[in-house]
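Colleague: I am new to this structure and would like to be taken through it. Could we begin with the aromatic residues and then turn to the rest?

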Amino acid sequence: MSDSIIGAGPKRIDGQRKVTGEAPYAADHHPDNMAYGYGIFSTIARGTVTGLELDAARQSPGVIDIFHHGHFPELHRSPASMPQGNKVEETRLPFEDNHVHYEGQFVALVVADTFENARAAARKVVVSYQADDNAIANLDQGVKAHGTKKGGDNHERGDAAGSFDGAAHSIDVTYTTPVETHNPMEMHASVASWEGDRLTIYESSQGVVQQRGALSKIFGIPQEHIRVESPFIGSGFGSKLWMWPHAVAASAAARETGRPVQLVVPREQMFTTTGHRPETRQRMRLATDDSGRLVSLRHESINTTSFTDQYVETCGSVTKSLYSCPNLLVSHETTQVNRGTPTSMRAPGAAPGLFALESAIDEMAHEAGVDPLEFRLNNYADRDESQDLDFSSNHIREATQKAAEQFGWHDRNPEIGSMREGHEIIGYGMAACNWEAIKRECEARVSLRADGTAHVTCATQDIGTGTYTIVAQTVSDITGLPLEKITVRLGDTSYPAGPVSGGSWTTATTLPAVAAATREAIEELKGYATSKKGDFADVDSDSLTFENGQLTHDGQGVDYVDVLKGQRLASADGHAHTQGADDRYSYRSFGAHFVEVRWDPGISNLRVSRVVSAIDVGRVINSMTARNQVEGAIVMGLGMAHFEATDYDARNARPVNNNYAEYVVPVHADQPPEVDVILLDYPDLEFNEFGARGIGEIGITGMAAAVANAVYHATGKRIRDLPIFKEKLMENVPEVQSA
Amino acid sequence: MREFNYARADSTRQAVSTHGRNDQAAYLAGGTTLLDLVKIDIMRPEQVVDINRLDLGGIETLDDGRVRIGALVTNTALARDERIQRDYAVLSEALLSGATTQLRNKATTAGNVMQRVRCPYFRDGVSSCNKREPGSGCAAIEGHNRSVHAVLGTSEHCIATHPSDMCVAMAAIGATITVEGPDGRREIDFLDFHLLPNDTPEREHNLKPGELITHVTLAAPLENSRSGYLKLRDRASYQFALASSAVIVTLDGDTIVEARVALGGVGTKPWRAFDAEKALKGQQISEATFKRAAEIALQGATPYAHNAFKIPLGQQAIVRNLTTLTA
């Protein structure tokens, strides 16, 4: 491989189409005769629909049909299997019956000739409910009413309870995190159309292959009869990994009405019926010996799930292996609440889990009287003790030390509130970050074409992370063709099956398949060149090399285009099917965040003023898009730390701040003036030939803890309940009798 | 779609006569409140009177030193006007702290005065809300009431804050609102324009049916005064105030000669703090004086389950603003 293109930072090859508005997103598709759907969503969180008054809506201009539990085709559930390629998070079908499990659940769907007519008619539908007064609005209410249920991914080694008792230093603290909502800019949308029993659906999806599988199960038709297209996505953050009810509703409505149907999920319902990061409560019990070595670590979490499905937020997934500790317990439980089904949100499990773990490590270090940086260096695991495996590649100590040095950690005065500038008190905090490296099976096809271009297809997606570009870089690296001669097509089930865009596995999964397919195409080309009529008729094909678009032997080169043209061939094609990761090693990515906060007690203002992060994700394929992923995740992490929470009314489980104005995420003005990302760039060649482990998620893990730890250093207040709203840091807030 | 009549007015008189006394009619200026609420089905006008063609886009200094602002002057134009920046810094700063550039480019002076509350229970179309459906109750009082709910001027029928920043600055400066209606032209003191919710929260202002705001006229600037707007919130931009203060002071050495203080984010209307001003006038500048005035400003505030912090936060907004202006 040449070093020029892999690791370089070329700009996104799809960038121009996106910024000029040329790139078609799901709802930009308007098949002939398309109708528009508009949902009617439940306004209670628990109970039953007892009646629907539809007359006024039916007489409303342009209305074609109105679907509801009494008027909807009988469909089948998808069994939600990821290995079988038909996973959905919410298995209940829309309009399956008249039961309501959460506010914002589909209770009816109007289809009309225009969007405006559909919406106006939808507002004329009067729904009557029998509301159940026992709606469960939050985790506390859930645990009190129904207790908890065991979740998966638990782990136990040694005797965590026994070694805790009598240890030199110990802490027993509980952390909570609220519901966070993905809120990608592009709302969920489906455009479904049928020809006979063949369905084509444009969807804003992070996984076209899984959606095809699920639709096949639900509609009882062969996968070959379904095409799911998602060429461009206005991001998903996990909310678009698995298909949600709107896509089923749109597909069924299109079949019943005999017209293509477009259905866009309104912003308010992005908070209800398309997943969210669930609320968590995490009890942390840690103990060390005299020297500050961990001797016991327990991480027990409960997360909220819906009444229809069990979603487990695996908060302790990182806890199992980040630190060396002989006595360890990780357990996950769920409790049911009247909210829609949760789903993965950027770094599921690890994002809330590392808020608790890395806050607790900070508390433990203080309790043991050790600098939190030293404490971590003393306790980081050198191998994965949960699986009894070596790490394929782990540079967390170097990451921590490099970031500490760049940040100036050693200049800090550890005394609380001791560092000031003007009105502001400065706090320094740090936290480790961590994410599993995953590689899945993947297929790809590459054609070297007689017009001098290469054409790549794979049914994975580019969710804004730069997949189009790194796929082109891969082909360019092997063939020597410039990026502008390479076309990449993703996000369409008519291409060879690719992975869901999630778990930070797209790079490690897709590039080896693309590389193998490229080599296959070159082999085919060599076969043509060495055939009887070929340019190298008498040459052994193994002795041919392919460089810069030329086949070469003994210093004699022939442009591959001429090889193809000489035999009147359109292309040389390669198809590859690569497998997932093996289990020789524990494959993980590592890193550390250092954060400076400034707390102005005179106006109760908290801001994050500086971040230095060092990340060990193996080899970096595109330095620009990689840095962009980490910087974006850092900003999302500081939103998690002190802004984000979906508020539910405790009386009736209804989400309150379901819009972009009141659901607060960071804006440009909240960007820390300095964000410094160090990418260590050690290739992990045990993992794949590129040495890349993926980079989308790790940046958000640990950020909230680093901010909370910095806040403690500035203020002396341990905030164990996210987000770190100013009132939690203020003095003299009057007590109010809670209603 | 839900149909409504649309009429474009070419003169104020025509606008007023088209609107008439129809309580189902609405004037359309920048549309940043009206169209927003029509789309979510909270406002359902049957007649929309577009006033954007009217000649109300000017800012002029009157002979008596007052500044008359046309109803259609955009928030951006007003904030960037040289006279406003020079003589009414508090107003320019308040405008620029509000919303986003895109919204400020569309939003107008009169529209800002007329904007509706951000209370989620008002906007959801489902919860009980005395503004939306008089007599149905107030879901916010015992509900989630952290960010857009008030501690001053609340009643058992409504606790929503008035969301404007601009109006808080105008309350401090002093202004009159000129309206034209079926009964002719009249002027309303700015501080009398917005109404406390009391037991009629559906009545938000002192306009009679059909009246159209044509101008807002600012009181002449206080000579040798300094002024500033301080807005406190969670994130640094694009959020309504959790608490804000508009302060104007004139000093003679270290003595406060004149002080005007108004609060945002904490009141059900733009909140002028006259008692706090009295506590400042004639006093030497000192932290203790500022703190006492701030306490007086928030005296009698009623905290709710999630917004009690607005009482100390409102006080901080006053103290820091005064401290900065008198430094």
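Modeller: F106(A) is buried, at a relative accessible area of 4%; buried means under 20%, exposed over 50% and partly exposed in between, with a 1.4 Å probe and protein chains only. This is a predicted model, in which local features need pLDDT of at least 70 and side-chain atom pairs count only at pLDDT 80 or more, while totals for chains, interfaces and linings use all residues. Residues are numbered from 1 along each chain as its sequence is written, chains are lettered from A and ligands numbered from 1 in the order in which they are written, and side-chain values use heavy atoms, with hydrogens and water left out.

Colleague: How many aromatic pairs does the structure hold?

Modeller: Over all chains there are 18 aromatic pairs. Rings of Phe, Tyr and Trp (its six-membered ring) pair if their centres lie within 6.5 Å; planes under 30 degrees apart count as stacked, over 60 as edge-to-face and the rest as tilted. One of the pairs is formed by F41(A) and F106(A), which is tilted, with 4.7 Å from centre to centre and 50° between the planes.

Colleague: Which parts of chain A does that pair tie together?

Modeller: F41(A) lies in strand β1 (residues 35-41) and F106(A) in strand β5 (residues 106-112) of chain A, so the pair ties together parts that are 65 residues apart in sequence. Helices (H or I, at least four residues) and strands (E, at least two) are DSSP runs, numbered from the N terminus.

Colleague: And is F41(A) buried or exposed?

Modeller: F41(A) counts as buried, at 11% relative accessibility. Ring pairs also link F41(A) and F106(A) with F67(A), F72(A) and F95(A) into a cluster.

Colleague: Where does a charge sit over a ring?

Modeller: The charged end of R718(A) sits over the ring of Y712(A), 3.8 Å from its centre. R440(A) lies over the face of W505(A), at 4.1 Å from the ring centre. The criterion is that NZ of Lys or CZ of Arg is within 6 Å of the ring centre and within 35 degrees of the ring normal.

Colleague: Changing topic, where is S586(A)?

Modeller: S586(A) is in the loop between β25 (571-578) and β26 (588-600) of chain A. S586(A) is buried, with a relative accessible area of 2%.

Colleague: What does its side chain join in a polar contact?

Modeller: The side chains of S586(A) and D384(A) are joined by a polar contact of 2.7 Å. Such a contact is a pair of N or O atoms within 3.5 Å; within protein, one must be able to donate a hydrogen and the other to accept it, and residues adjacent in sequence count only if both atoms are side-chain atoms.

Colleague: What about A650(A), buried or partly exposed?

Modeller: A650(A) is partly exposed, with a relative accessible area of 42%. The residue is in the loop between α14 (623-642) and β28 (674-679) of chain A.

Colleague: Finally, how many residues of chain A are in contact with chain B?

Modeller: 40 residues of chain A are in contact with 40 residues of chain B, contact meaning heavy atoms within 4.5 Å. Between chain A and chain B there are five salt bridges, each a side-chain nitrogen of Lys or Arg within 4 Å of a carboxyl oxygen of Asp or Glu.
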